[in-house]
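I opened my notebook to look through a structure that was new to me. Here is what I looked up, entry by entry.

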Amino acid sequence: MSLKKSFTLALANIMYDKMRSLLTMLGIIIGVSAVIILISLMNGMTGMMTDSFEELGLTTITVSTTNRGGSRTINEDEMYAFRDEHPELIEGISPSCNLNMATVKVGTTSITTTATGVSEEYADMKALEIESGRFLEFQEINAHRKVCVIGTYIQRELFGFTPALGQNIKINGNVYQVVGILAEKDDSTSGSADDVIYIPYTTAVRLSRTGTVSSYTLTAVNQDKVTPAIEALKAMLLEKLGDENYFRVSNMLSVMDMATDMMDTMEILLVCIAGISLLVGGIGIMNIMLVSVTERTREIGIRKSLGAKGRDIMSQFVIEAATVSGMGGIVGIVLGAVLAIVFGNMLNLSATPSVGAVLLSFSVSVGIGILFGYLPAKNAAKLNPIDALRHD
Amino acid sequence: MTPLIEFRQIYKIYKMGENEVHAIDGISMKIFPGEFVAIVGPSGSGKSTCMNIIGCLDVPTSGSYFLDGKDVSHMNDNELAEIRNKKLGFIFQQYNLIPKLNVQQNVELPLLYAGLNEKEQATRARESLNRVGLLDKAKNLPSQLSGGQQQRVSIARALAGNPSIILADEPTGALDSKTGKDVLNFLKKLHKEGNTIVLITHDNTIAAQAERVIRVSDGQVVYDGEADIHKFASIIHAGDTEVDI
């Protein structure tokens, strides 16, 4: 008997009692849609996470040194020298020094924020957009001048509608001149990406406790160069400082890799749990197939008397089971995709199932039908036609 | 001429606990192509067991059954299924149509298992339905037909594969007397057309409609000859129940 004919016959059987077929499929539908929803949402979340990581700068490498306890130190010249020696790995370098919780005042209005001390390369490294004026310049940094570049939050909070360019601003009691204003990046609220003040690191260092630069921000040429850059950095720092405890090198790429690994593990775990409901669905199918075989004992007897062999009966019932579960799989995939989009919108994610997930779910659901239909089908095939014909 | 059906010392013995039940207790007989034979006897006489063996639904405990010259007594399930499909056409008392399939699909069933393609199946099935005069009901479900019509569909199904033997087990048992008469007349017509028909019944008057009667009692043949009711109905064996005339 051709597969197509068996399939059409199976379909006819399913349609004969739609309610019962639906209830039989329910376990598979729930299981498959749960798997699809989970996979889609995880995809969306991973995407969102990688996006935000990328915004933070996957090529950014942060180096921090602790000079306590060691007689050996590293200074900016040596760091710059390292960059000059490795142009194929390192693109930009900016020593950094922050004034945390600095009081920033214009007239009588004051706010508390962090003033970030950076070098002139910082704007390129972070692809900062200047709206008016310019970024800090090399001479200003060299001469540790009191100048600053502010974000739109600072502009609005302290200057209102008056353009801040060229104006004076007090940071921790010292007067700075505003030489540049950044373009709006976020929503110009406190704590957002627009809540920034950049000052020359040299100026910040002079005002800091230790008076030395202890951390650097570097950017690798591209994502592939991050690992070799970090390795070269670590080697150089170990040589100069003697002990790996005296420095720390970190970057977002490794953190992101760790996070994606974690999310992948979680995804597998959740999918397995959802898979349990598929197992239950399969048991439901087996149950109904056993009932179906008993109900159709007479029919099986008739078929056998007409010349159906054991394998004809077997394939008939296995294909019926696989068709039921396959249909359940399709309904589950559609339902899961729809719900994934709904939930995704609620969570502000773009949740889409991958083609692989869809194909896998469908094959698994058909496979479950075949697996769980096998035993009832075997029972059916073994029926003695005389007894079967006598059955109710 | 080779007999179509030949029993050589057939025994069918069931073990129920320590007791042995001899459903068939040594039967030998020959049925030739073109005959219309009725096997008659009360319940428990062994006629149903005879039919099961003739129909290759069961195998004898001992003895040989030759079907169209071939010994089928020791064949396995698949081989028997093949023979049922190609050589035999069954007509049951309860029609035994599959309720979820329509009339045409029911008649196509033996052709399906014979491996014919869909077009062939449809053509032959429709020919068969035409023979019994039910082609217009081809797409109806069995439940939409009367008892007599369902039995005719069953006959069409039995004929579809062009079998060598038509086996009818109490074909009129579930029908009223008029419809029953129609069915028997149809069987007679088939016989005139050259088919070999074996009819199983407990009713002497129905058995008398055949050409030849084999009467069984307690697993043995007690009469084998003309279908003259006066001749076979009065044969009484030890333990028999009352006799109809």
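I began with what lines the largest pocket: in chain A, α2 (18-56), β1 (60-65), β2 (90-106), β3 (109-118), α4 (122-125), β9 (215-220), β10 (247-251) and α9 (252-295) each give at least two residues. Helices (H or I, at least four residues) and strands (E, at least two) are DSSP runs, numbered from the N terminus.

A note on the ground rules: this is a predicted model, where local features need pLDDT of at least 70 and side-chain atom pairs count only at pLDDT 80 or more, while totals for chains, interfaces and linings use all residues. Residues are numbered from 1 along each chain as its sequence is written, chains are lettered from A and ligands numbered from 1 in the order in which they are written, and side-chain values use heavy atoms, with hydrogens and water left out.

Next I looked up the volume of the largest pocket, which is about 1,400 Å³. Its lining has 50 residues, and N98(A), T116(A), Y122(A), K126(A) and T217(A) are the closest to the centre. I take a pocket as an open set of points on a 1 Å grid over the protein atoms alone, where a 1.4 Å probe fits, with protein on both sides within 12 Å along at least five of seven lines; lining residues have an atom within 4 Å of a point. The volume is the space filled by probe spheres set on the points, which are joined across faces, edges and corners.

I sorted that lining by class and got 14 nonpolar, 25 polar and eleven charged residues. Asp, Glu, Lys and Arg count as charged; Ala, Val, Leu, Ile, Met, Phe, Trp, Tyr, Cys and Pro as nonpolar; the others, Gly among them, as polar.

Then I turned to the second largest pocket, with about 790 Å³ of space. Which residues lie nearest its centre? I found I386(A), R390(A), S48(B), N52(B) and D169(B), out of 31 lining residues. α1(B) gives the most to this lining, with five residues.

Last, I checked where the chains meet. The contact (heavy atoms within 4.5 Å) takes 24 residues from chain B and 23 residues from chain A. I found one salt bridge across the interface, a side-chain nitrogen of Lys or Arg within 4 Å of a carboxyl oxygen of Asp or Glu. K309(A) pairs with E82(B) in a salt bridge, with the closest N and O atoms 2.6 Å apart.
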